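The sequence and the structure are shown first.

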Amino acid sequence: MAKATRMHANMAQMAGKLPVGNDAASVRRRVEAMEKLLERSFVIPGTNQRFGLDVILDLIPVGGSFIGAAFGLYMAWEARNLGMPKSTFWRMAGNVGIDWLLGLIPGIGIIPDFFFRSNSRNLRMIRRHLDRHHPSTVTIDR
């Protein structure tokens, strides 16, 4: 019970720190927080395997995949507003679409989410664009 409370406090604290601006640094922090929430929020006890809200949403039949796809498309939309090329935007949308289709498979749709992390792939594309076109937003990963 204590872990859930700490996790809830950390998420609330993280939400309070997210910037609301349209500048590249603010967008970078928002999409990184979204990717962490969707792909790396939790750890399976006894292992080092991480998963996020995207896997949990797949437990909800059909609707969970739509909600996860909406979150993924939000990340792509944020990237498009930064001026990313349309071809990169469509690659990101394709990643989200594949994740959405795999999540629609009843019962086993959760398994591909452990291996095909569309939001992590999309974050790499966003970071690459930001590092190239907005170098002031570069952060050092811990």
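Which residues are buried in α7? In this predicted model, the buried residues of α7 are S118, N119, S120, N122, L123, M125, I126, H129 and L130.

## Helix α7 and its surroundings

Helix α7 covers residues 118-133. The helix has 16 residues and reaches 23 Å from its first C-alpha to its last, which is close to the 22 Å expected at 1.5 Å a residue.

The buried residues of α7 pack against several other helices, namely α2, α3 (53-57), α4 and α5 (86-103). An α-helix has 3.6 residues a turn, so residues three or four places apart point the same way. This may be kept in mind when reading the list of buried residues, which includes N119, L123 and I126.

## The packing of α4 and α7

Two packed helices are described by the angle between their axes and the distance between the axes. For helix α4 (residues 63-81) and helix α7, the angle is about 5° and the axes are 10 Å apart. Angles under 35 degrees count as roughly parallel, and α4 and α7 are therefore roughly parallel to each other.

In this contact, α4 contributes G72, M75 and A79, while α7 contributes N119, L123 and I126. Of the residues in the contact of α4 with α7, four are nonpolar, two are polar and none is charged.

Side chains of opposite charge can pair when their charged atoms come close. The whole structure contains six salt bridges. One of them joins D131 to R28, with the closest N and O atoms 3.1 Å apart. D131 belongs to helix α7 and R28 to helix α2 (residues 24-39), and this pair links distant parts of the chain, 103 residues apart. With a relative accessibility of 35%, D131 counts as partly exposed, whereas R28, at 4%, counts as buried.

A salt bridge also forms between E32 and R127, whose closest N and O atoms are 3.1 Å apart. Because E32 lies in helix α2 and R127 in helix α7, the pair ties together parts that are 95 residues apart in sequence. E32 is buried, with a relative accessible area of 16%, while R127 is partly exposed, with a relative accessible area of 23%.

E35 counts as buried, at 3% relative accessibility; R40 is partly exposed, with a relative accessible area of 35%.

Where is R40 placed? R40 is in the loop between α2 and β1 (42-43). When its neighbours within four places in sequence are left aside, R40 is in contact with E35, R50, F51 and G52. R40 and D54 are 14 residues apart in sequence, and their C-alpha atoms are 9.4 Å apart in space.

Definitions and conventions
Residues numbered from 1 in each chain as written. Predicted model: local features only at pLDDT ≥ 70, side-chain atom pairs only at ≥ 80, totals over all residues. Heavy atoms only, no water. Axes fitted to C-alpha atoms, helices over the stretch in contact; angles between N-to-C directions. Helix = DSSP H or I, 4+ residues; strand = E, 2+ residues; numbered from the N terminus. Parallel < 35°, antiparallel > 145°, perpendicular 65-115°, else oblique. Contact = heavy atoms within 4.5 Å. Nonpolar A, V, L, I, M, F, W, Y, C, P; charged D, E, K, R; others polar. Salt bridge = Lys/Arg side-chain N within 4 Å of Asp/Glu carboxyl O. Buried < 20%, exposed > 50% of the residue type's maximum accessible area, 1.4 Å probe, protein only. Expected span 1.5 Å × (residues − 1).
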